[in-house]
Amino acid sequence: MFQSKPMKLPNYYVLIIFISITTAATELVPRYAKPGCNEKCRNITIPYPFGIGPNCFLNRWYAVNCKSSKPYLSALKQLPLLGVNLYEQVVCVSNRVRSYCQAHTWNSSQILNLGDSPFLFSKFNNKFFFEGCGTIAVSIGGNAVTGCSVIRCEPHERLNRSSCDEMGTNCCQTNVPYYLKNYSMNVTSNQSCVSAFLVADVGTLFPNKSFAGDRPESSTIPTVLKWTLPESYFTKVNCGYNFSTLELKMGLHTSVFTGKCSCPYEFNEGNPYLSGECKGIVWIFLCEHSFFAYDQCF
């Protein structure tokens, strides 16, 4: 009897399947920078509206200078950039620690002047921190808004910033009550030199990063800034996806409004500020003679 041999797929058919899978996967990889622009500076992703190079950012405030594989915010006097969180609209920057050895009152603009920029000191991702023995009072527009006191003072004990609570040993910390453009700190202490600063609580925003600043000898600390998109240069027309307007309360009965883009579905990945760059989750099935690729959003 005649027996038919098992059918073999031609080589070109197998090749077509391979190309189809590769193409589908490539098309669903989200892009964060504008086409033709560098997406990373070393290992830090720089998503639009930020960008590296001409025509890669929304405006000068979002220009990033990648120098010696380190990113800097050009418009903020080359402020070192440590990370960008696209969905919370915040950046983490490296800021200097302020030490008080003479004047015990200072303004935030002496170290980081946000001026007329679209950046604010973030309310939810920072804490005011005081090192030394004494009390710190924080004010905006001459009105005290928060502060803390060191209850237990042991000058010979080693300071651990990461374990300092509201009333710690040789330190104290307190929450930030509002989004801030600037603030003043007033320190009361019988010590010759103390330190006070705004420091980031970045664990949830940048879970895969570690920042200097939890060591007493650190001269710089991470600080989180909220970036805003004012209506003067960003509206619903600029957003290819869901657009919303958020009110950020700044105290003293003042607020700032910012536009925000978001992808249509919670589990989308990609950049909602770029048209076509909210990507779904890919499910690939290989059946006997068929290939199916589904772009599914949950």
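Visitor: How many disulfides does the structure hold?
Guide: The predicted model holds six disulfides.

Visitor: Which residue does Cys 37 pair with?
Guide: Cys 37 is joined by a disulfide to Cys 56, with an S to S distance of 2.0 Å. Cys 37 lies in the loop between helix 1 (11-27) and strand 1 (40-41), and Cys 56 in the loop between strand 3 (51-52) and strand 4 (63-67), so the pair ties together parts that are 19 residues apart in sequence.

Visitor: Left-handed or right-handed, that one?
Guide: The disulfide of Cys 37 and Cys 56 is left-handed, because the torsion about its S-S bond is about -90 degrees.

Visitor: And is Cys 56 buried or exposed?
Guide: Cys 56 counts as buried, at 6% relative accessibility. Cys 37 counts as buried too, at 17%, since the cut-off for buried is under 20%.

Visitor: Turning to Cys 133 and Cys 153, how far apart are their sulfur atoms?
Guide: The sulfur atoms of Cys 133 and Cys 153 are 1.4 Å apart. The torsion about the S-S bond of this pair is about 60 degrees, so the disulfide is right-handed.

Visitor: Where does Cys 278 lie, then?
Guide: Cys 278 lies in strand 21 (residues 278-279). A disulfide joins Cys 278 to Cys 263, which lies in the loop between strand 19 (254-262) and strand 20 (269-270).

Definitions and conventions:
Residues numbered from 1 in each chain as written. Predicted model: local features only at pLDDT ≥ 70, side-chain atom pairs only at ≥ 80, totals over all residues. Heavy atoms only, no water. Disulfide = S-S within 2.5 Å. Helix = DSSP H or I, 4+ residues; strand = E, 2+ residues; numbered from the N terminus. Buried < 20%, exposed > 50% of the residue type's maximum accessible area, 1.4 Å probe, protein only.
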